Amino acid sequence: MINRLNIENFLEEIKNIVDLELLLKPSDQKRFSKDFFDYSPILREELAECCADLVVKPLSVHAVLSVAFICQKHQVPLTIRGAGTGNYGQCVPIKGGVVMIMTSLTKIRNFDPDTCAVTVEAGCLLGELNKYLLANGRQLRLLPSTWRTASIAGFVAGGSGGIGSVRWGFLRDPGHLLGLEVVTLEESPRKIQLDARSAEALNHAYGTNGIITALTLSTCEAVDWHEVAIDCDDFFEAIEIFQSCMKAAVDLFLCSFLENKIVECLPSWSGNFRGKHRLLLLVAPDGVSTLERISKRNGVDFCHLGPEDKQGGNGFRELSWNHTTLHMRSMDPKWTYLQLLLPQPEANAINLINRKWGDNILWHFEAVRQQGSQRMAALPLVQWEGRKNLEMLMSDFKNVGAILFNPHVITVEDGGLGVIDSDQVQAKREYDPKGILNPGKLKGWS
Ligand SMILES: Cc1cc2nc3c(=O)[nH]c(=O)nc-3n(C[C@H](O)[C@H](O)[C@H](O)COP(=O)(O)OP(=O)(O)OC[C@H]3O[C@@H](n4cnc5c(N)ncnc54)[C@H](O)[C@@H]3O)c2cc1C
């Protein structure tokens with residue numbers, strides 16, 4: 001919270017910043033203190049009362065520097081916000097203070113014709129950036145299913161992977177993030193350039209150790225992705241086909257598995273429901289016939305829908321990753337979810353969990369490249385029956401050998417592998433020595 005004795009001085013200084021919009025309505029303070037944490041009933045309760053004292057929107061990097069200077073001078077907490085689509089309350093100001101919205105910094109500064117790397121300002125929406133790249137024969141390698149609305153810095157600071165992960169792994173894999181421009185929270189805030197190595201510590205750090213003002217990212221060749229759906233009666237046969245597809249020599253951008261009870265709840269534009277489990281694939285044109293051959297070999301339904309239509313917001317991208325959870329929650333808000341990797345081969349763990357939890361769990365898998373190998377990431381839907389039940393389920397998953405990435409917690413570490421990353425903490429020590437940025441989210445610092 002802003003110290004009430006200093007608030008007048010603080011506000012006076014903030015108001016004098018050139019290129020800074022102030023959002024002073026109480027409704028704005030509430031609105032910009034929330035993200036999509038209500039997917040977790042636990043976070044919904046824990047974060048309900050968190051609210052910013054002030055919301056600002058810089059229109060230039062210079063204004064970002066000025067806000068940083070004033071916040072550190074008055075020791076006022078500062079939480080950075082992109083589009084606010086995170087699921088774990090990443091941009092919720094749990095200690096109040098200032099929320100700074102970055103979505104007016106949208107310039108695409110450079111496209112290197114030799115390396116095809118792009119340098120872009122923090123608040124540029126992924127959809128806009130991708131449109132620009134497509135015009136240059138390139139595209140983003142990784143996109144969240146919120147790609148139309150989310151910002152590029154929000155994705156790097158708060159996301160992990162998504163569409164494209166089947167081919168390109170996760171954002172923290174070396175090679176995606178090539179450099180950052182960052183504003184620090186030192187006594188005299190600076191704008192600094194970080195190379196790929198130094199930028200790693202700010203990747204997926206929830207904006208706790210530096211304000212990202214621009215990013216340099218690698219891109220990949222643009223492909224005219226085609227949508228293919230494969231429907232299958234038998235659950236484990238569908239998983240086998242899913243695995244054959246993800247391991248085949250075809251260029252995939254998305255490979256999702258949805259249990260039949262999920263398919264039943266999807267919006268009508270997602271296709272007819274025939275009681276079957278469904279695979280959703282985005283594949284390069286020359287891979288369509290191979291997917292057809294795999295389907296025919298197994299005697300299951302194959303449907304080639306043609307090139308994806310990216311205009312309407314009702315393509316396979318919007319049925320995948322956490323959009324699956326979104327659609328299920330719109331049918332019944334008692335659905336929540338988990339994120340995990342099952343031990344391989346997965347069938348044993350699936351059977352053990354099904355035996356105990358039955359219809360309280362519905363299976364959703366995404367094909368990913370994890371540390372160089374193809375495997376299935378699980379995002380199971382879970383019926384909310386209270387905190388104790390969820391903890392019991394998570395413990396059952398751990399007992400069958402699963403690795404959990406808990407989406408019901410607020411710190412960087414608890415949502416990951418539970419270990420403190422000393423580079424992230426060291427970067428905070430260096431760039432935010434007074435702990436002004438997004439307090440409470442980096443456990444290693446707290
Ligand atoms: C339906 C749904 C589907 C989703 N699917 C995916 C998915 O497929 N993959 C995935 O990874 N995520 C997914 N998400 C989560 C989220 O949408 C993405 O991670 C998204 O990229 C976040 O971007 P944003 O601009 O909304 O960031 P915000 O939510 O605004 O911010 C995220 C974090 O980044 C920090 N941050 C933002 N801007 C900056 C900056 N300039 N400098 C420093 N820190 C900054 C914030 O402080 C916060 O900690 C999904 C969410 C929903 C609701």
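Predicted model: local features only at pLDDT ≥ 70, side-chain atom pairs only at ≥ 80, totals over all residues.
Let's start with two helices: α13 (residues 347-357) and α14 (residues 387-399) have axes that come within 10 Å and cross at roughly 155 degrees. That makes α13 roughly antiparallel to α14, a label given to angles over 145 degrees, while those under 35 count as roughly parallel, 65 to 115 as roughly perpendicular and the rest as oblique. The axes are lines fitted to C-alpha atoms over the stretch in contact, and angles run from 0 to 180 degrees between N-to-C directions. Helices here are DSSP runs of H or I with at least four residues, strands are E runs of at least two, and both are numbered from the N terminus.

Residues are numbered from 1 along each chain as its sequence is written, and side-chain values use heavy atoms, with hydrogens and water left out.

A second pair is α9 (residues 235-247) and α11 (residues 288-298), which pack at about 150 degrees with axes 10 Å apart. So α9 is roughly antiparallel to α11, and α9 also passes α11 in a right-handed crossing.

Back by α13, look at the loop between β17 (340-341) and that helix, where Pro 345 sits. A cis peptide bond joins Gln 344 to Pro 345, with omega about -10 degrees.

Now for the ligand. Around it are 38 residues, the closest being Ile 80, Gly 82, Thr 85, Ser 151 and Gly 161; a residue is in if one of its heavy atoms lies within 4 Å. This shell divides into 17 nonpolar, 20 polar and 1 charged, with Gly counted as polar. As for polar contacts (N or O pairs within 3.5 Å), a ligand nitrogen is 2.6 Å from a polar backbone atom of Gly 161. A ligand oxygen is 2.7 Å from an N or O atom in the side chain of Thr 146. Which elements give two or more residues to the shell? They are β3 (78-81), α6 (152-158), β10 (211-217) and α12 (321-331), and α6 gives the most, with 5 residues.

Note on methods:
Polar contact = N/O pair within 3.5 Å; in protein donor to acceptor, adjacent residues only side chain to side chain. Left-handed = near helix turned anticlockwise from the far one by under 90°.
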